[in-house]
Structures are given as structure tokens and as C-alpha cells.
Amino acid sequence: MALTVPEGYRILDEGGLPGWLAAIPNVPERLGGDPSGWRVREVGDGNLNLVFLVEGTRGTVCVKQALPYLRLVGEGWPLGLQRAWFEHRHAAVVGPHVKGLIPEPLHYDERLYALVMERLSPHIILRRGLIQGVRYPHLADHMATFLAGSLFRTSDLALPAKPKRLLTAEFSGNWELCGLTEAVIFTEPYMVHPNNRWTSPQLDATAAKVRADSAWKLAAARLKLKFLASPEALIHGDLHTGSIMVTPEDTRVIDPEFAFMGPMGFDLGALLGNLWLNYFAQDGHATPESPRADYQDWVLETAEAVWTLFRERFLALWRGGATGDAYPAAHYTDAEGVRLMEAERQAYMDRLFADALGFAGAKITRRILGIAHNIDLEWIEDADLRALCETRCLTLARRLMVEPGAFRDVGAVSAACRSIRASVARIGL
Ligand code: ADP
Ligand code: SR1
Ligand code: MG
């Protein structure tokens, strides 16, 4: 089937890239030297797009281009190009609120659906660092700042109704990527679907059990409704550990192509869920030379710190800068109003925590039973050991989704992780 693309669009390649980059304001100066000498490498390891790194004599840039199909599957799964525009717009809207935590945007090409941005180096993808057992002492601090800044500042707590509604209207245009999430995260893993796969035959019975588990499916559907119908803030929309690049000192969030006005808990849950999944996967990467028990504690402590610091920072922003149309400040000036408003804020955060847990569970489940898996688990060669780690992940995921209210705080999730790891010794739910 021939793919139809807009006039002027062409797929960039390593040979053609220098000629195109040479005409973009400021980029040739940033790279330095003659374009014929620029070194270009395609390094995309994601599921959707092309990513090139370009090196000149003075500096480097990164170029990301949307392909008219899903890279993971190929041309048989056509996909609109607009996602590049939403990635560009997310950086523009959120950038001022999360200074230093995203790559510097340099250029957007409307015809080629391509972004030019700062090339991050020597950063690596967080997921890869976690698999190697590397500690990132500032990760929780940086990610709490990113989450609090991006979510609070684009919510009704900070924005007046008109700009908030205009953002909601604009990002509703990203319906195609939202639809992908709705299908591959909230729907397909809970039914027989040709996109699904899992560690087989070890988890065949488990996958069937999930498909027959009405309470689990209902929880997934409830979360799907929240995803569909909660334009709370401009969310990244795909904030797993493959969308964060790190050094031990620096943290940058990349790849916001799934951005839309959605439930804040979806971003929080993506990060927390991927950390908890990594906790269980560590048992598949431990060796006598590289034992992982201490590291597993660090992963859990990091997840705890992400939530705790996020909660503190979001509340601080709210107390100091409630410039949005929600909760008119004039209504809460006397002592009783101030007290009630603070109780309201705490209740809001508790509700957000429960949302985050539910979404974390959904994010874990899809990585084990759905179409797109994680290298944390995929790189465990011994299929029995992998299936055991996956069973533990699914045990936690079900609890997070079906009874999020049973976790009084984030420490209770760490305790559940440790208890599941200690008690689940057989493959299968
Ligand atoms: P996709 O949307 O297809 O998943 P990503 O945005 O996740 O693509 O990028 C794919 C890979 O390209 C990342 O895993 C990372 O290795 C590399 N990459 C992306 N952005 C940058 C950047 N700004 N600097 C350096 N490498 C990057
Ligand atoms: C076909 S699903 C591809 C997945 O890759 C992206 O990173 C998103 O997580 C999406 O669900
Ligand atoms: Mg992506």
C-alpha cells in the first residue's frame, strides 16, 4: 500500500541531511566547518521516528523526523505526521516552566515534520542506565521539578480559563497518538488481540487470567475514561524511563510527541510504574559481580522521592501562585476558608496519588502483555526468570489498578514491592 504524505514532505536520510541543515538559521554556525564534512548518524531506537545526530567541527545537533508510519511495525501501520508539531509545541509551552530540563529546541520544519534540537551528550537513556545499575543522585529532584512545573503551570490552578481552553483545543489535534495510547495501553492487553505478545508459554495462562479478570478490566476501563475525559494539564503523554536522558548530574526529558491536555496522574504513573517495573527486572540482571539488592533499594527510594518531592513542589506552587480560574482566591480569605482550602489541596494531592498508582499499574501491564515491551524485561535472556520477574510486576500492577486506595502513601508501594518480591516465587498469577 502506497503511503500518502503531504506535498513537500520527504523522508530525510544521512546523505541529504547536511544540505537541509545548512540552510537553517544559526545551525551551520553551531555545527561549524563545511557541511560536506558534517558526520551524520541515524540513532533512533524508539518506536516511532527517525533520529539523527550530526557533528560538525564546532558542535553537534540532534534531528528528529516523524515517519508516515509506526517504525516499530513498518509501513503496514500508517501514522500521521502531526506528532512532530505537538512535540515542538509541548517544548514551547512547557519549556519556560521546566528550565534546563529539556533539550534546547533549535528549529521546527513544518513541511518535513522535523525538529532540530540540542544534542544531549554524554547523556544516555535512563532506562539503559537503570539496567546497568547506575545511580542518578539528582534524578528524583529533577523529575519532581519537571512534573510539578509542567503540570501545575498548564492546569486550571495556574491558567485562566481562556488560555487553558485554547491549549485544550490545540492539543486535541493530537487525537491520533492519544488513540494509540487508548488502544495499546487501556484496551488491547485485556483482550485477545493480534498486537499482543508475552513471554510464552510461561505466561500463556496468566494472559488468559487477566482477560477473564473483570475487576482488573473494569479498573483499566475506569483509567481509560480518565485518560479520555480529564483535560487537567498539558501532559507529556509518554513519560517512561526511555523518554529521559541522563548523566549523574543532569536530567532531560525528551520525546513529548504524545502530549495533550490530559490527566496529570498519567505522567506521574508512567515514571513511577517504569521505576517499579525496573525494580522487579533487576533480579534478571543481577550477577555475582553485579549484585543488585542495594540498587533495588535505590530504585524504590527514587520512586518515593519523585512522588514526595513532586507533592511538596506542586503544593508550594499552588500556595504561592494560584493564578488560575479554579478556586477563586477571594472565597478563601478568612481563617476557616484558609483552613478548608489547605484541606482541599491535600485531598487533591491524595486523589492525584491514587490516579498515579492506577496509571502506573496500567503502564506496567501493557509492557508485559501488550505490543511494546521494555528492554528492562526483554533483555533477561532466561525466559523462566523473565516470566518470574513479569509475574511479580503484574501482581503489583493489579493491586495498583484495582485497589489504589489501599496504598496510604508511596512508602506503602515500596513495602508491597518488597513483599511481592519475597513471596512470589512461582511463574504465573
Ligand atoms: P521515538 O519518538 O521514536 O521514540 P525518541 O525521541 O525517543 O524517539 O528518540 C530515540 C532515541 O534518539 C533516544 O532513545 C535517544 O537515544 C536519541 N535521542 C533523542 N533525542 C536526543 C537528543 N536530543 N540528543 C541525543 N540523543 C537523542
Ligand atoms: C505501538 S505502541 C508504541 C509505544 O511507543 C511509544 O513510546 C508509546 O509508549 C507507545 O505506546
Ligand atoms: Mg516517541
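Which residues of α15 are buried? In this predicted model, Val410, Ala412, Val413, Ser414, Ala416, Cys417 and Ile420 are buried (under 20% relative accessible area, 1.4 Å probe, protein chains only). Helices (H or I, at least four residues) and strands (E, at least two) are DSSP runs, numbered from the N terminus. Cover for the buried residues of α15 includes α10 (264–281), α11 (293–320), α12 (335–369) and α14 (383–402), with contact meaning heavy atoms within 4.5 Å.

Helix α15 comprises 14 residues, 410–423. Asp409 caps the N-terminal end, with a side-chain oxygen 3.2 Å from the backbone nitrogen of Gly411.

Ligand 1 is surrounded by 18 residues (a heavy atom within 4 Å). The closest are Asp45, Asn49, Lys64, Leu120 and Glu257. Strands β2 (49–55), β3 (60–66) and β7 (114–118) each supply at least two shell residues. The largest share, 3 residues, comes from β2.

Polar contacts are pairs of N or O atoms within 3.5 Å. A polar side-chain atom of Asn49 lies 2.7 Å from a ligand 1 oxygen. A side-chain N or O atom of Asp255 is 2.9 Å from an oxygen atom of ligand 1. A polar backbone atom of Leu120 lies 2.8 Å from a nitrogen atom of ligand 1. The protein covers 92% of the 550 Å² of accessible area that ligand 1 has on its own (Shrake-Rupley method, 1.4 Å probe).

Residues are numbered from 1 along each chain as its sequence is written, while chains are lettered from A and ligands numbered from 1 in written order. Local features need pLDDT of at least 70, side-chain atom pairs count only at pLDDT 80 or more, and totals for chains, interfaces and linings use all residues; side-chain values use heavy atoms, leaving out hydrogens and water.

Key:
The expected span of a helix is 1.5 Å times one less than its number of residues. Buried means under 20% relative accessible area, exposed over 50%, partly exposed in between (1.4 Å probe, protein chains only). A polar contact is a pair of N or O atoms within 3.5 Å; within protein, one must be able to donate a hydrogen and the other to accept it, and residues adjacent in sequence count only if both atoms are side-chain atoms.
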